[in-house]
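Student: Could you walk me through the charged pairs in this structure? I am new to it.

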Protein chains: 2
Amino acid sequence: MSLAIISPGKNSNAWITAIQSLDPALNIQVYPEIKDPEAVEVVFLWNHPEGLLGEFPNLKLISSMGAGVDHILRDKTIDPAIPIVRIVDEKLTWSMTNYVVMAVLNYHRQLSRYQRDKIRKVWDMSNPELEVTIGVMGVGALGYDVMEKLAYMDFPVIGFGFTEKKDFKYPYYPKEDLEGFLKAVNVLVCLLPLTAETENILNSSLFSKCNPGTYLINVARGKHLVEEDLIEALNNGQLSGAMLDVYRTEPLPESHPFWEDPRITLTPHIASVTNPKAASPQLIENMKRVKYNEPLLNLVDRMKGY
Amino acid sequence: MSLAIISPGKNSNAWITAIQSLDPALNIQVYPEIKDPEAVEVVFLWNHPEGLLGEFPNLKLISSMGAGVDHILRDKTIDPAIPIVRIVDEKLTWSMTNYVVMAVLNYHRQLSRYQRDKIRKVWDMSNPELEVTIGVMGVGALGYDVMEKLAYMDFPVIGFGFTEKKDFKYPYYPKEDLEGFLKAVNVLVCLLPLTAETENILNSSLFSKCNPGTYLINVARGKHLVEEDLIEALNNGQLSGAMLDVYRTEPLPESHPFWEDPRITLTPHIASVTNPKAASPQLIENMKRVKYNEPLLNLVDRMKGY
């Protein structure tokens with residue numbers, strides 16, 4: 001059996017080290033240096049070239065290198081009989097939650113206001129806190145952990161998602177009541193998976209239903225957000241600001257208006273980065289399970305898209 | 001019975017509204033308009049003029065308007081027989097913890113680095129997290145809550161204080177082992193009360209015992225920090241940065257070097273502001289207790305200084 005790592009443009013050394021420390025005998029081939037495609041039974045991939053997987057006649061398992069699988073599902077040439085799994089990594093959840101809590105607190109405590117005041121040497125003690133109710137779009141492993149941490153810190157949290165939820169721990173709005181959800185919150189966190197239903201969901205129509213001055217945090221995928229609609233919503237006051245980690249084109253092009261917009265805080269897709277050491281045991285375990293025909297961890301439902 | 005509110009230079013209207021909503025019949029006099037000093041049995045004060053309390057011959061209770069009492073204890077003319085109480089307010093604790101968690105997360109996730117990168121349009125995904133162990137100096141109501149929240153978020157926390165602690169929930173170093181404490185942490189949060197023992201504790205000698213690159217968060221009192229020693233420690237690398245909410249002189253003078261130091265994030269003493277609505281019931285309850293000679297809430301030990 002051979003594992004192929006396919007992650008064009010990225011260095012795979014940290015992954016190889018982590019995987020080999022768990023299974024020293026495993027044969028690993030790294031794209032584009034795949035000398036023996038017939039031996040490849042498992043691919044571990046991120047943004048693979050479309051159609052590539054057809055070159056592996058004995059492929060038994062496809063694993064995403066992260067939580068998202070939209071980069072796999074968009075390749076319609078993949079044999080639907082081959083299972084797809086993804087990484088659900090506590091360290092990844094931890095990082096994502098920390099990032100979102102940071103973004104919420106910086107908005108609630110108006111960090112950017114005090115940073116502006118510092119430059120002008122202004123001492124203004126008035127109204128040091130903004131009242132916030134945090135709406136989390138997407139209440140899977142990541143979104144739920146964000147809600148748990150914010151609720152423990154005594155912030156009101158409300159969930160929204162595309163499936164029915166019974167006995168959910170927090171107030172929850174299904175997709176039919178997006179408007180009710182938006183009216184109940186003033187901080188909007190997007191942690192949805194990227195699917196046909198969620199692509200472009202953060203658009204002018206949604207922003208027009210928000211409470212004026214709502215703050216947006218997008219840590220899911222760039223394609224959730226219609227970027228020109230964000231600028232429009234900031235201009236017309238429906239949104240008061242945004243913290244973004246993901247973009248339609250990454251790296252964000254130098255000519256992109258977000259770079260120079262003071263209402264937007266940017267980070268370069270670092271909210272949650274899969275950690276090879278933490279995630280590799282999951283890959284190794286799934287390779288074992290596929291070999292012995294056991295139920296896979298974090299199996300993706302192709303219909304749902306996650 | 002009359003209540004005197006003494007808070008020079010500050011508007012007391014929010015306090016009056018909150019107190020009257022609980023006890024509409026209470027007679028309230030606001031300094032400097034105190035027409036009937038003989039009626040004053042309770043003073044509610046912040047930064048009162050030294051010696052003023054001698055003008056109230058029937059004074060039975062002194063209440064700070066916040067958590068700190070150093071502004072009261074420095075007035076040596078106050079009759080030692082009159083009890084001093086302070087406000088221990090959950091809302092105040094909540095605000096303080098939120099501020100500290102925000103400061104820790106901004107350091108851990110290097111917000112200022114990404115803010116600099118944004119200005120230069122730099123996309124740098126490398127090393128998105130700094131490892132942190134948070135040392136909390138002062139583990140009273142405020143410090144303990146900070147530790148609880150950070151521990152729930154899975155950050156390592158360590159306490160330090162001036163009293164022995166048995167069966168403390170987290171690792172704890174008493175004053176005799178300040179050096180061991182400093183060697184165990186790389187983020188230092190000061191939440192100590194201001195006493196003769198703690199004044200100027202954040203000085204060159206302490207910074208020289210820190211792990212190089214330690215990050216400082218001071219949300220206690222300006223007098224804990226020797227401000228020129230902070231600049232020196234930033235220059236020689238013992239500290240990598242600081243987030244400060246309190247200063248030796250407030251408002252921070254325009255000529256102060258902190259304003260223009262990019263390594264220091266400043267806020268204007270807003271980390272935790274006592275909320276009149278949340279705190280007034282405590283004042284009213286203590287007024288009742290002093291009347292009926294019952295044990296007071298949050299009584300200050302003048303020897304300890306808090």
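Tutor: Let me begin with Arg109(A), which counts as buried because its relative accessibility is 1% (buried means under 20% relative accessible area, exposed over 50%, partly exposed in between, with a 1.4 Å probe and protein chains only). This is a predicted model, where local features need pLDDT of at least 70, side-chain atom pairs count only at pLDDT 80 or more, and totals for chains, interfaces and linings use all residues. Residues are numbered from 1 along each chain as its sequence is written, chains are lettered from A and ligands numbered from 1 in the order in which they are written, and side-chain values use heavy atoms, with hydrogens and water left out.

Student: Which side chain does Arg109(A) meet in a salt bridge?

Tutor: Arg109(A) pairs with Glu129(A) at 3.4 Å, N to O, a salt bridge being a side-chain nitrogen of Lys or Arg within 4 Å of a carboxyl oxygen of Asp or Glu.

Student: What about Ser2(A), buried or exposed?

Tutor: Ser2(A) is buried, with a relative accessible area of 1%, and, leaving aside neighbours within four places in sequence, its contacts (heavy atoms within 4.5 Å) include Asn27(A), Ala39(A) and Glu41(A).
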